[in-house]
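Hello,

Here is the structure I promised to pass on. Please open it first, then read my notes below alongside it.

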Amino acid sequence: MKRIASLLLVLTVSPAWPQATFTVKALTPETALKAAQAALARCRANGYQASVAVADRMGVVQVLLRDRFAGPHTVDMASAKAYTAVSFRTNTTELAEATQPGKPQSGIRNRPGVAAVGGGLMIEAGGSLLGAIGVSGAPGGREDDACAAAGIAAIRDELELN
């Protein structure tokens, strides 16, 4: 009888097991497209021909827009910037600074597909990383960042409501 009572006590106070699944928030294709269109519109308004990529939280491109006269390299760079922001969970301008030659993390720049230059911003809401937006084609990382920020601003209200 003591053994059964001891066994029941152990079973009732044993630590809780972690759940087998979890819920993840993800951008819809429509929301990703809206962000990309707003970023492209900002670049156009400033006279820049650019490409914009929006990646999901795993770094896979959901939407890619290339303006008519954007350079052919901008497609790969915009995608790489979005991938890099998601992969390292940091905006690429900050990663560029942290990975300068001679710094401990400088080797990150040698990873395939990494773009440690400005223009990639994380898309976050409610404490969750939802994806990232990458822009390439403006004259410099600051201008690429500004276009990407305009894309996020266009969907911010929708993200915060969820």
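Which residues does Ser79 touch, not counting residues up to four places away in sequence? Keep in mind that this is a predicted model. The residues are Ala53, Val61 and Leu64. Ser79 itself is found in helix α3. Its relative accessibility is 18%, and the cut-off for buried is under 20%, so Ser79 counts as buried.

Now the sheet. Strands of a sheet pair through backbone hydrogen bonds, either parallel or antiparallel. Here four strands form an open sheet, and the pairing is antiparallel. Read across, the order is β2-β1-β4-β3. β2 (61-66) and β3 are at the edges. Each has a single partner strand, so one side of each has no neighbour in the sheet. On average, neighbouring strands are turned by 15° against each other, direction ignored.

Look at one pair in detail. β3 and β4 are joined in the antiparallel sense by six bridges.

Two helices come next. α2 lies across β1, β2 and β4. It runs at about 30° to β2. α3 also packs on the sheet, where it touches β1, β2, β3 and β4. The direction of α3 makes about 155° with that of β4.

What about the inside? In soluble globular proteins, nonpolar side chains tend to be buried together. The largest nonpolar core in this model has 24 residues. Those with the most contacts inside it are Val52, Val54, Ile123, Ile133, Val135 and Leu159. Two or more residues each come from α2 (29-45), β1 (51-56), β3 (120-125), β4 (128-136) and α5 (141-161). α2 gives the most, with six residues.

Val52 is then in contact with Ala36, Ala39, Leu40, Val63, Leu64, Leu65, Ala78, Ile133, Gly134 and Val135. There is also a second, separate core of seven residues. Among them are Ala55, Ala82, Ala85 and Met122.

Where is Arg89 placed? It is in the loop between α3 (73-88) and α4 (92-98). Arg89 has a positive phi of about 50°, although it is not a glycine.

Best wishes

Methods
Residues numbered from 1 in each chain as written. Predicted model: local features only at pLDDT ≥ 70, side-chain atom pairs only at ≥ 80, totals over all residues. Heavy atoms only, no water. Core = buried A, V, L, I, M, F, W, Y, C linked by side-chain atoms within 4.5 Å. Buried < 20%, exposed > 50% of the residue type's maximum accessible area, 1.4 Å probe, protein only. Contact = heavy atoms within 4.5 Å. Pairing = 2+ DSSP bridges. Axes fitted to C-alpha atoms, helices over the stretch in contact; angles between N-to-C directions.
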